[in-house]
Amino acid sequence: MKIFVDDGSTNVKMKWSDAEGNEQTLLSPNSFKRQWSVPFGAQPVYNYVINGEQFSYDPVTPDAVITTNIAWQYSDVNVVAVHHALLLTGLKPAEVDITVTLPLSEYYDRQNQPNAEAIERKKQSLMRPVELNGGETFTVKSVEVMPESIPAGFSILNDLDPLESLLIVDLGGTTLDISQVMGKMSGISRIFGDSSVGVSMMTVAVKDALKIARTSGSSYLADDIIIHRHDRDYLSRRVNDVTRMADILETLESSEKLLTRRVLDVVSTFSGYTHVLVIGGGSEIIADALRVHCNLRNERFYKSSTSQFDLVNGMFAIG
């Protein structure tokens, strides 16, 4: 079986065809700690071992392994996260071929050529075995690596003239990837990758603000607060010291403005594109400002209702 995997630092997204030929998708959040969880009742516990080190899935612990850095791409916890998502598919553990991604800053070298060393490193990392305490895991038989962002525009680019181009803005948890691709995927005009710009800029700021409000939690919790940042009732339920709510709201607003400004500064260096697609977990944060900034006709600006799956959907379509 072949499974397409967008192994982002915040969530792992998967797509595959089941035995009946139906397309299936899955989103699996990344929140793993370096010790096993305690089993209780019938609730499944996912305790893993890789390279002799223990990991377990825990969505609430403030001790979760930090995944919002470029080292995540080749780490033990990255391999665990992919295997965890595979188990959540409900498929019976077996040999699988997977297609994954690398950020543009890793997939291409300084001469904008495929970085064979990084690509091979990614393949070898994901082919390492993972053990599940009391259960079976999948065996990754082969790994194919695609660059991030570019496959997401596959269906749009097929309908564009070769003299038109699509600017694909992919804002993830850790990286900002931007590519300008010619119509019919006839060529790539320019790429940009920055592993220091991502939603993690907001996540870190929000986690610090939550600590001041006596609400210590995981990055998963902070990201959930970012998603619901305009829902005051929701925030009140999540925050322990509501007297510091103004500080949290100010942090959400200021970090959102900073992140948006950093993205628009990079987009300003691109020109000549006729269409724009915004994808990734951070697309909801920047979409409105990006639409105004690019100043294109409405029908030339694309943002789907499932932006997090745009990349894996494109990978699936190509593969």
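Predicted model: local features only at pLDDT ≥ 70, side-chain atom pairs only at ≥ 80, totals over all residues.
Is K122 buried or exposed?

**Entry 1, the D7 and K122 pair.** I find K122 buried, since its relative accessible area is 0%, which is under the 20% that sets the limit for buried. D7 is buried as well, with a relative accessible area of 0%.

The structure holds 13 salt bridges, and I followed up some of them. As background I note that side chains of opposite charge can pair when their charged atoms come close. R34 forms a salt bridge with E53, with 2.9 Å between the closest N and O atoms. In this pair R34 lies in the loop between β4 (32-33) and β5 (47-50), while E53 lies in strand β6 (residues 53-57), 19 residues apart. I recorded R34 as exposed, at a relative accessible area of 52%, and E53 as partly exposed, at 29%.

I also looked at D224 and R238, whose side chains meet in a salt bridge at 3.6 Å, N to O. D224 is in helix α6 (residues 219-227) and R238 in helix α7 (residues 232-238), so far as the chain is concerned 14 residues apart. R238 counts as partly exposed, with 38% relative accessibility.

In which order do the 5 strands of the open sheet stand? I read the order as β12-β11-β10-β13-β14, with mixed pairing. The edge strands are β12 (188-194) and β14 (301-302), each of which pairs on one side only. I then turned to β10 (residues 165-171) and β13 (residues 275-279), which run parallel and are joined by 5 bridges. Within this pairing I located V169, which stands opposite V278 in β13. Finally I looked for what covers these strands, and noted that helix α8 (residues 245-267) lies across β10, β11 (176-182) and β12, running at about 155° to β10.

Terms used: Residues numbered from 1 in each chain as written. Heavy atoms only, no water. Pairing = 2+ DSSP bridges. Helix = DSSP H or I, 4+ residues; strand = E, 2+ residues; numbered from the N terminus. Contact = heavy atoms within 4.5 Å. Axes fitted to C-alpha atoms, helices over the stretch in contact; angles between N-to-C directions. Salt bridge = Lys/Arg side-chain N within 4 Å of Asp/Glu carboxyl O. Buried < 20%, exposed > 50% of the residue type's maximum accessible area, 1.4 Å probe, protein only.
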